[in-house]
Amino acid sequence: MKRLVAALLSLLLFAPIARAQDKLDEVAKSVVMLTHKNEPFCSGFVINAESDYVLGALHCMTEAQNRGWKDVKGDGKDFRIIQTYPAQDLIMVQAESDRPALLPRTKPTPIGLEVTGIGYSSGLRRLTFAPTVVLGLGPLHSSLVIVRTRGPAFSGGMSGGPVVDSDGKVVTIVQFGELDVLRSDGGTPVSIMLQVFGNHWKG
């Protein structure tokens with residue numbers, strides 16, 4: 001009897017964690033690896049599977065251009081720039097892919113919402129999952145600031161990756177990090193991304 005009770009408790013405790021990871025694994029299928037000479041340096045995510053539109057952080061492309069990189073690819077394939085929005089460090093490219101598109105969160109984003117940043121950490125060919133919690137709106141470009149609560153910190157290679165809620169909906173995008181007392185990171189709110197790219201965003 002004790003073993004049965006223990007097994008049931010284990011199921012009750014770990015089933016939600018397993019479901020949450022399953023959702024993140026689904027989201028991960030939409031995350032694109034940006035590479036230079038086959039080495040990962042940034043991330044992006046699909047917002048329109050039919051048109052192969054990928055959203056990312058503009059500073060990634062700016063850095064690549066400043067360094068004179070020519071062999072920049074998305075998932076190993078050439079891509080072309082469709083639209084940029086420098087005011088919010090955003091870029092949309094078209095990269096041939098069979099990845100599914102992510103959906104935006106359309107509900108308000110409350111303080112304290114638990115979210116997860118996903119992207120390819122610098123020098124790694126595997127995804128990093130960084131659990132965080134929404135702290136509030138910051139002063140930089142009306143960015144949505146989040147604070148790390150546990151797990152790995154955001155790294156440079158994660159720039160352009162999605163930050164999603166428990167339903168796998170995009171809340172913001174990985175764009176910057178500050179090693180201050182709050183250990184905060186942040187990115188553009190999805191509401192602004194929709195204002196700029198909403199006509200192209202089709203999950």
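Residues are numbered from 1 along each chain as its sequence is written. Because the model is predicted, local features need pLDDT of at least 70 and side-chain atom pairs count only at pLDDT 80 or more, while totals for chains, interfaces and linings use all residues; side-chain values use heavy atoms, with hydrogens and water left out.

**Overall make-up**

The protein chain has three helices and 13 strands. Both are DSSP runs numbered from the N terminus (helices: H or I, at least four residues; strands: E, at least two). Of the 203 residues in the chain, 48% are buried. Here buried means under 20% relative accessible area, exposed means over 50%, and partly exposed lies in between (1.4 Å probe, protein chains only). The accessible surface of the chain is about 10,600 Å², and carbon and sulfur atoms account for 56% of this surface. Such areas come from the Shrake-Rupley method with a 1.4 Å probe; for residues, only the protein chains shown count as cover. Among contacts (heavy atoms within 4.5 Å) with a separation of 6 or more, 60% are between residues 24 or more positions apart.

Strands β5 (residues 79–85) and β6 (residues 90–95) run antiparallel and are joined by six bridges. Two strands pair if DSSP finds at least two bridges between them. Tyr-85 stands opposite Leu-90 in β6. Four residues lie between the two strands of this hairpin, and Asp-89 in the turn has a positive phi of about 60°.

**The disulfide**

The structure holds one disulfide, a term for a pair of cysteine sulfur atoms within 2.5 Å. This disulfide joins Cys-42 to Cys-60, with an S to S distance of 2.0 Å. The torsion about the S-S bond is about -75°, so the disulfide is left-handed. Cys-42 lies in strand β2 (residues 39–48) and Cys-60 in helix α2 (residues 58–66), so the pair ties together parts that are 18 residues apart in sequence.

| Residue | Relative accessibility | Class |
|---|---|---|
| Cys-42 | 2% | buried |
| Cys-60 | 1% | buried |
| Thr-116 | 12% | buried |

Thr-116 lies in strand β7 (residues 114–120). Leaving aside neighbours within four places in sequence, Thr-116 is in contact with Leu-24, Phe-129, Ala-130, Pro-131, Thr-132, Pro-162, Val-163 and Val-164.
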